[in-house]
Amino acid sequence: MALSIGIVGLPNVGKSTTFNALTKTQSAQAANYPFCTIEPNKAIVEVPDSRLNELSKIVKPERVLHSQVEFVDIAGLVRGASKGEGLGNQFLANIKEADAILHIVRCFEDSDITHVENRINPIADIEIIELELILADIASLNKRIEKLTRESKAQKGALKSLEIAQALLAHLESSAPASSFENRDNEEFLTLDKELRFLSNKRVIYGANVDESTLAEDNDFIKQVREYGAKRGCEVIKLCAKIEEEMVGLSDEERAEFLRELTGNKSAESGLEQIIRTGFHTLGLISYFTAGVKEVRAWTIKNGAKAPQAAGVIHKDFEKGFIRAETISYGDFIKYGGEAKAKEAGAMRSEGKEYVVQDGDVMHFRFNV
């Protein structure tokens, strides 16, 4: 499922360093100057899921395949990007193609690393980016309003769209994002958003990039971002991009020990693991599993998908010829030690076309083509 998260932020806040660590590569150039990234780097990242390990202990497959999500490293935006500053139009177009946004915010002091605004103020940084997204939306909406104004003279349907577009324009011009527009469920708004892909309507995760000394305890910058995120209904995840990149290549055990030493927390989890998992769910995705001796695999579907749609992710013929889905909840699969014993205990269910697949279902599809 080709859904992507765009990594955005001002220059030199740690976007490319975060991308390098996310993908466990050094493919995104990271340097201490603005616009180091021009063309967006893209990478498919595995979604951490401990449930696959537990399933594998029972099934002992030849291979294990995780769900995946695409991350896109987009060049740093600057004030005036919506008017083309810093090659802004190109970068804004890259964001338009993303399904959600990971907004990296600098939350540390370091005189050796240039800040494009010559000061450290994470909320001001966030507001610069968000204003540019709103201004870009205003520009695209104005063009659509011009077209709708002409069409409304001859088409009654266009008049409804024009009214919503004008209401949205007034909302945006008050410096409020499209995501807070009160008529977001309106059919005309949904149509406009599908066509124009409003930048300020995308789901946002804030990645608060800190230095090593702040991993154990939040500094004032982090607290400000958490408060801001809470008001916007956005997740805030703390990470040290530099440390995350240094951990690339370490084993799971070595990484866990390293994090324990840095944070003093025995159950410390990598900020990047949190970002990947949160990003996956921010896109409205869940996983169901197939478990056989050849492979244990997580399949990605939209939350709310029905059984035939889930089957179609494996192969379109599965959806066309869908008969039923033999389903065991993840909890029951683990509890009874596999499919055979779960079936004996009556924990295997036969689900039809209207069944809404649940996160963690272990499924086997019956179909006929």
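Buried means under 20% relative accessible area, while exposed means over 50% and partly exposed lies in between, with a 1.4 Å probe and protein chains only. Helices (H or I, at least four residues) and strands (E, at least two) are DSSP runs, numbered from the N terminus.

Before moving on, note that this is a predicted model, in which local features need pLDDT of at least 70 and side-chain atom pairs count only at pLDDT 80 or more, while totals for chains, interfaces and linings use all residues. Residues are numbered from 1 along each chain as its sequence is written, and side-chain values use heavy atoms, with hydrogens and water left out.

## Along α10

Stay on α10. Its twelve residues reach 16 Å from first C-alpha to last, close to the 16 Å expected at 1.5 Å a residue. The expected span is 1.5 Å times one less than the number of residues.

Go to the start of the helix. There, a side-chain oxygen of S270 comes within 3.1 Å of the backbone nitrogen of L272. Now go past the other end. G284 follows α10 and has a positive phi, near 75°.

## The sheet

Next, select the strands β2, β4, β1, β5, β6 and β7. In that order, these six strands form an open sheet with mixed pairing. Two strands pair if DSSP finds at least two bridges between them. Which strands stand at the edges? They are β2 (41–46) and β7 (235–239); each has a single partner strand, so one side of each is left without a neighbour in the sheet. Neighbouring strands here are turned by 25° against each other on average, direction ignored.

Zoom in on β2 and β4. β4 covers residues 68–73, runs antiparallel to β2 and is joined to β2 by six bridges. Pick I44; its bridge partner in β4 is E70.

Bring α10 back into view. This helix, residues 271–282, packs on the sheet and touches β1, β2, β4, β5, β6 (203–209) and β7. Its direction makes about 160° with that of β7. Such angles run from 0 to 180 degrees between N-to-C directions, using axes fitted to C-alpha atoms, for helices over the stretch in contact.

α1 lies across β1 (4–8), β2, β4, β5 (100–106) and β7, at about 40° to β2.

Select D49, in the loop between β2 and α2 (50–59). Is D49 buried or exposed? D49 is buried, with a relative accessible area of 14%. Its side chain makes a polar contact of 2.9 Å with that of R51. (A polar contact is a pair of N or O atoms within 3.5 Å; within protein, one must be able to donate a hydrogen and the other to accept it, and residues adjacent in sequence count only if both atoms are side-chain atoms.) Leaving aside neighbours within four places in sequence, D49 is in contact with H66 and F289. Contact means heavy atoms within 4.5 Å.

## The cores

Now select F71, I95, L102, C107, Y206, V225 and I275. They have the most contacts inside the largest nonpolar core, which has 59 residues. A nonpolar core is a set of buried Ala, Val, Leu, Ile, Met, Phe, Trp, Tyr and Cys residues joined through side-chain atoms within 4.5 Å. Helix α4 (residues 122–152) gives the most to this core, with six residues. Apart from this core lies another, of 18 residues, among them I138, L169, F181 and F189.

## Helix α5

Move to α5. The buried residues here are A158, S161, L162, I164, A165, L168, L169, H171 and L172. What covers them includes α4 and α6 (187–196). Just after α5, S175 takes a positive phi of about 70°.

## Last stop: β10 and β12

Select β10, residues 322–328. Five of its seven residues are buried, so β10 is largely enclosed by the rest of the structure. β10 pairs with β12 in the antiparallel sense over six bridges. Three bridges also join β10 to the antiparallel strand β11 (residues 349–351). In β11, S350 stands opposite E326.

Finish on F365, in strand β12 (residues 362–367). A325 stands opposite F365. F365 is buried, with a relative accessible area of 7%. Not counting residues up to four places away in sequence, F365 touches Y288, A307, A310, A311, I314, F318, F322, R324 and A325. F365 and F322 are 43 residues apart along the chain, with C-alpha atoms separated by 7.4 Å.
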